[in-house]
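Visitor: Can you walk me through this one? I'd like to start with what you mean by buried.
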Amino acid sequence: MSEFSRIITLLRKEKGITQKQAAEKLGVSQALLSHYEKGIRECGLDFVVRVADFYGVSCDYLLGRSPDRNGLTLTVEDIPNPETTKDSVFHGSVLPTFNKKLISNSLNILYDKLNDCPDKGLVSEISAYLMIAVYKMFRLLYNAGPKNASNLFGVRKSVYSGYADAAMHVAEANVEAILSGEDIGTGTTVKDTSAFSMTTEKLSKEYPLYATSLFNLIKTSESRIDRKK
């Protein structure tokens with residue numbers, strides 16, 4: 001299924017209308033819309049524009065050129081700071097807020113350390129590993145909603161978990177290779193890892209606001225990893 005087919009199916013299901021209703025609104029037969037949604041036939045530009053107007057999204061989003069409904073391409077300046085946005089505040093249980101802060105504060109240290117050794121390949125592979133981990137957990141939550149349209153995701157449900165695990169293993173292996181000085185084709189190799197020299201005392205002094213979170217994250221993670229502790 002093409003990105004266009006997947007996305008128009010997702011939008012219809014999120015809108016809560018039948019294929020017949022959507023076809024009527026878009027001025028095509030249900031059979032033709034079915035072919036578009038299944039990727040059997042390709043549509044013209046005029047139909048893409050009609051779909052964009054009907055669902056209130058951009059053509060770039062429909063064509064899979066942008067993951068944002070408005071067709072935005074994110075820059076660093078466009079991404080909100082989690083420490084200053086109201087969305088970062090959880091209402092109710094303290095546990096989500098506590099764990100989110102542990103992770104967020106620890107990531108601040110991780111990426112600050114990457115700034116000391118700004119190898120593009122290293123940053124890309126570490127980021128890929130973390131992004132896929134978040135993707136997996138979000139997809140599990142999303143899939144638990146019985147009315148959520150599965151078309152949000154392009155990778156099939158039957159294989160995504162295994163493929164995601166494999167991609168994470170590849171990213172982890174690439175990080176190990178880069179840090180050992182190997183060239184994996186991502187650019188310059190890391191020949192000096194002295195920037196990553198750390199002690200608990202040094203971390204506490206450099207990151208007085210975040211170090212405690214990192215140490216708690218390490219302790220919590222290792223307790224989970226080694227149940228005998």
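Guide: Buried means under 20% relative accessible area, exposed means over 50%, and partly exposed lies in between. Lys113, at 6% relative accessibility, therefore counts as buried. Keep in mind that this is a predicted model.

Visitor: What does the side chain of Lys113 meet in a salt bridge?
Guide: The side chain of Glu206, at 2.9 Å from N to O. The pair links distant parts of the chain, with Glu206 in helix H9 (residues 200-206) and Lys113 in helix H6 (residues 94-115), 93 residues apart.

Visitor: And is Glu206 buried or partly exposed?
Guide: Glu206 is partly exposed, at 37% relative accessibility.

Visitor: How many salt bridges does the structure hold?
Guide: Eight. One of them joins Lys136 and Asp165, with the closest N and O atoms 2.5 Å apart. That pair also links distant parts of the chain: Lys136 sits in helix H7 (residues 120-144) and Asp165 in helix H8 (residues 160-179), 29 residues apart. Lys136 counts as buried at 13% relative accessibility, while Asp165 is partly exposed at 31%.

Visitor: What about Asp46 and Arg50, how far apart are they in helix H4?
Guide: Four residues, so about one helical turn separates them. Their side chains meet in a salt bridge of 3.4 Å, N to O. Arg50 is partly exposed, with 32% relative accessibility.

Visitor: New topic. Which residues of helix H2 are buried?
Guide: In H2 (residues 19-26), they are Gln19, Ala22, Ala23 and Leu26. Down the axis of H2 these buried residues fall within an arc of 100 degrees, so they line one face of the helix.

Visitor: What does the face of H2 turned away from that side carry?
Guide: The exposed residues Glu24 and Lys25.

Visitor: And what covers the buried residues of H2?
Guide: The cover includes helix H1 (3-15), helix H3 (30-38) and helix H4 (45-55). Just after H2 comes Gly27, which takes a positive phi of about 75 degrees.

Visitor: Which residues touch the most other members of the largest nonpolar core?
Guide: Leu33, Phe47 and Leu62, in a core of 24 residues. H1, H2, H3, H4 and helix H5 (59-62) each supply at least two residues of this core.

Visitor: Leaving aside neighbours within four places in sequence, what is Phe47 in contact with?
Guide: Phe4, Leu26, Val28, Leu33 and Tyr36.

Visitor: What does the second, separate core include?
Guide: That core has seven residues, among them Leu114, Cys117, Ile126 and Val175.

Technical notes: Residues numbered from 1 in each chain as written. Predicted model: local features only at pLDDT ≥ 70, side-chain atom pairs only at ≥ 80, totals over all residues. Heavy atoms only, no water. Buried < 20%, exposed > 50% of the residue type's maximum accessible area, 1.4 Å probe, protein only. Arc of directions from axis to C-beta. Contact = heavy atoms within 4.5 Å. Core = buried A, V, L, I, M, F, W, Y, C linked by side-chain atoms within 4.5 Å. Salt bridge = Lys/Arg side-chain N within 4 Å of Asp/Glu carboxyl O.
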